[in-house]
Amino acid sequence: MGFLDNSGDIILDAVLTDTGRARLAKGDGTFRIAKFALGDDEIDYALYDNDNPSGSAYFDLEILQTPVLEAFTNNTANLNSKLISIARTNLLYLPTMAVNTNFSGDTKLNESINMFYVTVDKETNDAATTIDSAKQGIINGFENSGGSYVRVDQGLDTTEVSQKRNLDSDLVETQYIIELDTRLGEITESLDTGAGATATISFIDDDQIASYYLSLGTDTGFVSSIPIPARVPSGEMIIDGPLGTFLKFKVLASIDLQTSTFLFTELGGTVNLNGTDFYYIDSNIRVTGATTGTRLDIPVRFIKKQ
Amino acid sequence: MATVFKNLLSNDIATTRTLLNEAIPITGTIVSGTYNDENIKNYAHGMFQSVYDYPYLSSSANHIFDITYGYTSEYSASANLQNAKKLNIYNQMAQVLVGYDVTGSIRKFDRDGDFATTGSNSKLETCVFLNYSRLLTKDEVKKGSYRLTISGSGGDKVIGDYGAQNDYRVNSPTGEYGVLYTSSAAVAGTGVGLIYYQAGVAVLTASSDLFESATDFTGTLSISGTADVVREGWIDNDFNNTTELNSTVYFCRLNNNEFNYSSNPTYLSGSKIVTKEKSTDPSVAYVTSIGLYSADNELLAVAKLSEPLKKDQNNELTLRVRLDY
């Protein structure tokens with residue numbers, strides 16, 4: 001009987017993240033590891049070759065040869081895509097998330113930059129038509145009033161399965177995590193679903209990134225089930241298959257952005273729109289499904305009239 | 001229900017303690033020679049001399065040890081150069097390394113660590129002190145590993161803590177120490193010094209047993225002058241240091257029906273899983289990272305695999321993640 005080839009030992013290189021070190025330094029007992037998750041950030045599943053003529057052993061040959069980077073210490077730079085546990089093994093489709101730009105004129109991205117604008121003060125908001133004559137994709141970040149907002153839908157994005165079917169209950173996202181730089185803004189309800197309340201921050205990490213946990217049934221102004229497709233007018237959905245839940249929210253600019261140009265000069269730049277100069281900062285709002293691990297980065301541009 | 005986290009249970013977490021050793025060589029060419037003494041730092045106060053591993057004005061230089069000298073009041077004489085400082089050095093080192101007797105008086109360094117013996121030669125009355133940097137000794141000097149070769153009285157001498165791994169003392173306020181001998185046969189009462197393992201200090205008798213010019217140490221040489229003589233006789237010095245590594249090991253157990261899908265954007269085409277042609281194909285995902293999280297989902301530590309690891313419904317894995325403190 002021959003020996004197994006053990007030349008390819010799997011070696012773990014473990015490091016504390018910056019948040020881990022900060023909590024350890026605090027010494028207040030908040031450094032307690034309670035759970036784990038697995039990531040596959042480096043993997044490009046498009047390399048999976050189901051049709052390789054040499055047989056199934058060759059399907060994932062290129063994936064298994066993927067070089068793996070050393071661990072980053074920035075807590076937000078690791079495990080951006082996580083492995084998911086679902087008891088069923090016969091799934092062929094998994095839910096995804098998308099910004100629903102079809103729902104109404106208020107949910108559209110600004111087409112010229114393919115992101116949302118957030119006006120940070122009254123003067124800028126009053127000049128919204130200068131930014132875009134139709135005010136498309138311009139969120140009023142000065143105060144919570146009507147107008148544009150972000151809507152994220154979740155479900156199976158396929159025409160192979162009818163939209164009139166219910167999404168299996170174990171694939172329905174029931175909790176969303178929104179991450180946003182606290183220096184730039186905060187998350188609030190959009191007025192047509194709630195009272196316009198500001199979401200509660202769960203925690204702020206060492207990089208000033210705030211995390212908001214919003215749950216179905218609890219945060220009714222943010223998370224709701226998508227009605228059975230028969231009840232919604234056709235063309236309003238961005239996802240073609242069975243639908244789960246949706247998340248909707250607006251962004252309020254931070255006081256710093258409203259009252260000062262400091263962050264604009266440090267983090268952003270200037271742009272001339274239709275003859276008027278504006279400061280801007282580009283950022284992303286990250287939406288992650290807490291149960292399914294699905295992730296979506298929504299680009300936003302905070303803008304301030306000079 | 002889908003989930004991306006798995007809770008760690010109490011039997012998934014273990015703590016371990018590992019001792020790591022490094023070999024530390026300090027050659028005579030570093031201590032005296034290569035850098036024309038540009039790596040030797042003397043101070044205006046004259047209490048000790050510092051040795052660096054490179055000219056000390058360079059930012060690349062590391063401090064490796066200090067040399068100083070002192071004696072008891074038995075040798076005190078106003079004619080001696082730096083008499084008060086030599087007394088002060090001995091007392092300072094003795095009160096830290098040897099401690100006090102029941103009357104509160106500072107004890108003298110004892111030749112074999114047995115303070116009950118009071119013979120005429122039982123104490124080290126004049127001493128050269130080698131204070132090693134924490135950079136070299138780390139948590140402690142490994143017992144039985146210390147060797148210092150010097151050119152002294154009667155030719156080269158190899159001073160070592162022979163047999164100290166099984167024969168050391170614990171009656172010092174700074175931890176454990178061993179007796180230094182000039183031959184591998186450790187004979188009681190023939191010690192020429194002491195090595196304090198956790199403190200990283202070697203105490204050598206400044207007698208003619210080791211140094212030809214020992215009488216000059218007492219009277220005509222300053223402390224830095226004594227240090228120069230010690231360095232010039234330095235041939236080699238080797239020891240092993242010890243780092244105590246406390247680790248927590250997290251056993252991340254992946255059952256057959258867990259972690260078989262991915263939220264990687266390339267995992268889906270539309271919403272279809274790209275690794276499956278039909279629903280009965282095995283669900284497969286590839287692990288490259290393990291994240292350790294707090295109860296409130298903050299990422300506290302990350303471990304990376306050296307290569308992607310295939311996970312499907314037909315296998316179970318236990319990944320061992322070690323965090324060192």
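Chain A and chain B are joined by three salt bridges, a salt bridge being a side-chain nitrogen of Lys or Arg within 4 Å of a carboxyl oxygen of Asp or Glu. This is a predicted model, in which local features need pLDDT of at least 70, side-chain atom pairs count only at pLDDT 80 or more, and totals for chains, interfaces and linings use all residues. Residues are numbered from 1 along each chain as its sequence is written, chains are lettered from A and ligands numbered from 1 in the order in which they are written, and side-chain values use heavy atoms, with hydrogens and water left out.

**Interface of chain A and chain B**

- One salt bridge pairs the side chains of Lys304(B) and Glu42(A), at 2.7 Å from N to O.
- On the side of chain A that touches chain B, strand E2 of chain A gives the most, with five residues. Helices (H or I, at least four residues) and strands (E, at least two) are DSSP runs, numbered from the N terminus.
- The contact (heavy atoms within 4.5 Å) takes 73 residues from chain A and 71 residues from chain B.
- About 6,700 Å² is buried between the two chains, and carbon and sulfur atoms give 59% of that area. Buried area is the accessible area (1.4 Å probe) that two parts lose on being put together, summed over both.
- Lys35(A), Phe36(A) and Tyr45(A) supply 13% of the area that chain A buries against chain B, more than any other three residues.

**Nonpolar cores**

- A nonpolar core is a set of buried Ala, Val, Leu, Ile, Met, Phe, Trp, Tyr and Cys residues joined through side-chain atoms within 4.5 Å.
- The largest has 54 residues, and Leu38(A), Leu94(A) and Leu292(B) have the most contacts inside it.
- A second, separate core has 36 residues, including Ile64(B) and Val192(B).
- Leu94(A) touches residues of both chains, among them Ile86(A), Leu156(A), Tyr261(B) and Ile273(B).

**Single residues**

- Cys127(B) is buried at 0% relative accessibility, and Cys252(B) is buried with a relative accessible area of 0%. Buried means under 20% relative accessible area, exposed over 50%, partly exposed in between (1.4 Å probe, protein chains only).
- There are zero disulfides over all chains, a disulfide being a pair of cysteine sulfur atoms within 2.5 Å.
- Glu123(A) lies in helix H3 (residues 122-126) of chain A and is partly exposed, with a relative accessible area of 44%.

Methods:
Lists of a residue's contacts leave out its neighbours within four places in sequence.
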